[in-house]
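Open the model in your viewer and keep the selection tool at hand. Each stop below tells you what to pick and what is there.

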Number of protein chains: 2
Amino acid sequence: MNFPNNKKTFLAKSDKSKKGSIDEKVVSLLETINNLPDYYSTSSCSGRVYLWKGTGKKSETQWLKVSHDLIGNDFFDSDEKNAVVWLRLEGMIMHIACKDLGAANALLEKARKFYKKSCILTASSKIIVEIRGSEFMEMPLYKEGKLLFSGDLLWLKEVINQKLEKMWKDAEKFRKSI
Amino acid sequence: MNFPNNKKTFLAKSDKSKKGSIDEKVVSLLETINNLPDYYSTSSCSGRVYLWKGTGKKSETQWLKVSHDLIGNDFFDSDEKNAVVWLRLEGMIMHIACKDLGAANALLEKARKFYKKSCILTASSKIIVEIRGSEFMEMPLYKEGKLLFSGDLLWLKEVINQKLEKMWKDAEKFRKSI
């Protein structure tokens, strides 16, 4: 097993994500995990909310705006006139390479207290645990320029911001548990 | 290893799901899987759409109505006047016990062509693969009796029914691939 070498090599590489940097909200959690000898993080997102259009397939989907922070009153604005615009909120997601299956199971057991949907993504040459928050929203927000939500947008903003804040609190609780 | 015995015992037990019976749409897929010596299904749902209220925690959540079939025009009706009513759509989900890690990896490889979010749920005394569809919706539909969707409800019904039909087609494609 060359787990320590793989870990060193991987963590020395630059960030390849769409965002291009590590989300602040999970930096402490990632540091805590990467300080444990049997684990290292390979990718992460602290949670995000975005507007998108397209078919939903990766190559046929366009993100119109995205926030990894609390959203403001103008987040729901859109100039898109010719498509269905969807609002999506995704919970925290984190991929952790583990030294062996025992290390993966131990991490899973701790993670499930906060992240019930966590699982083992790969258990062949590499062992990767996925830690996944359960928070999710997916709703059509505009159709050909017409707003489809008739409630109070400030209330919708609050609902989303409360979910985001809960994610960050859970990440901190999880960090303290490991 | 007593995998064949565990399989026989498990499959002889009665259905303990909330629905109380196996979804028709996945019966052929389950039969195909259970006919393979290295696998047996422990639970499944072919996909569903429901209205719910509460906090989202299992013990504090009440389902107001649920459909495992295409929905009709009256599905969005609700008499609830004092809470936020959410509309949720969930994709197919299936838990498959596997003889060993090799069998789990082989199943995962085939499943990921149709179900990217599939993973290994447990890899300790039992090895369970979760096959999980990516379709999902979660949107607030009523707040204190007021409808929050201002678009055409027939269009929303069609969006949901198309997602349900896609799930059942994918289940049949997956069945043919194994």
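The tour starts with one whole chain, moves through its parts, and then turns to the second chain and the contact.

**Before you click**

This is a predicted model, in which local features need pLDDT of at least 70, side-chain atom pairs count only at pLDDT 80 or more, and totals for chains, interfaces and linings use all residues. Residues are numbered from 1 along each chain as its sequence is written, while chains are lettered from A and ligands numbered from 1 in the order in which they are written.

**Stop 1: chain A as a whole**

Select chain A. Its C-alpha atoms fill a box of roughly 55 × 30 × 25 Å along the principal axes. Look for four helices and nine strands. Helices here are DSSP runs of H or I with at least four residues, strands are runs of E with at least two, and both are numbered from the N terminus. Starting at the N terminus, the order in chain A is α-α-β-β-β-β-β-α-β-β-β-β-α.

Chain A has 178 residues, and 33% of them are buried. A residue is buried if 20 or more other C-beta atoms lie within 10 Å of its own, exposed if 12 or fewer, and partly exposed in between, with C-beta atoms placed from the backbone. Now consider contacts, meaning pairs of residues whose C-beta atoms, placed from the backbone, lie within 7 Å. Of the contacts in chain A with a separation of 6 or more, 65% join residues 24 or more positions apart.

**Stop 2: helix H3 of chain A**

Select residues 101–111 of chain A. Which residues of this helix are buried? They are Ala104(A), Leu107(A), Leu108(A) and Ala111(A). They sit on the same side of H3(A), because they cover an arc of only 105° around the axis. The arc is that of the directions from the helix axis to the C-beta atoms. An α-helix has 3.6 residues a turn, so residues three or four places apart point the same way.

Next, show what covers these buried residues. The cover includes strands S1 (39–45), S5 (93–98), S6 (119–123) and S7 (127–132), as well as helix H4 (153–177), of chain A.

**Stop 3: two residues of chain A**

Click Thr42(A), in strand S1 of chain A. Thr42(A) counts as partly exposed, with 15 C-beta neighbours inside 10 Å. Setting aside neighbours within four places in sequence, Thr42(A) is in contact with Phe10(A), His95(A), Ala97(A) and Ile128(A).

Then click Ala83(A). It lies in the loop between strand S3 (61–67) and strand S4 (84–90) of chain A. Ala83(A) is partly exposed, with 16 other C-beta atoms within 10 Å.

**Stop 4: helix H2 of chain B**

Switch to chain B and select residues 24–34. Lys25(B), Val26(B), Leu29(B), Leu30(B) and Ile33(B) are the buried residues of H2(B). Seen down the axis of H2(B), these fall within an arc of 105°, so they line one face of the helix. Glu24(B) and Glu31(B), on the other side of H2(B), are exposed. The cover over the buried residues includes strand S1 (39–45), strand S5 (93–98) and helix H4 (153–177) of chain B.

**Stop 5: H2 against H4 in chain B**

The axes of H2(B) and H4(B) come within 9 Å and cross at roughly 20°. H2(B) is therefore roughly parallel to H4(B), a term for angles under 35 degrees. Where do the two helices meet? Lys25(B), Val26(B), Ser28(B), Leu29(B) and Thr32(B) in H2(B) meet Trp168(B), Ala171(B), Phe174(B) and Arg175(B) in H4(B).

**Stop 6: where the chains touch**

Show both chains. How many residues does each chain bring to the contact? Chain A brings 21 residues and chain B brings 21 residues. On chain B, helix H3 (101–111) and strands S6 (119–123), S8 (136–143) and S9 (146–147) each supply at least two residues of the side that touches chain A. S8(B) gives the largest share of that side, six residues.

Technical notes. Axes are lines fitted to C-alpha atoms, for helices over the stretch in contact, and angles run from 0 to 180 degrees between N-to-C directions. Angles under 35 degrees count as roughly parallel, over 145 as roughly antiparallel, 65 to 115 as roughly perpendicular and the rest as oblique.
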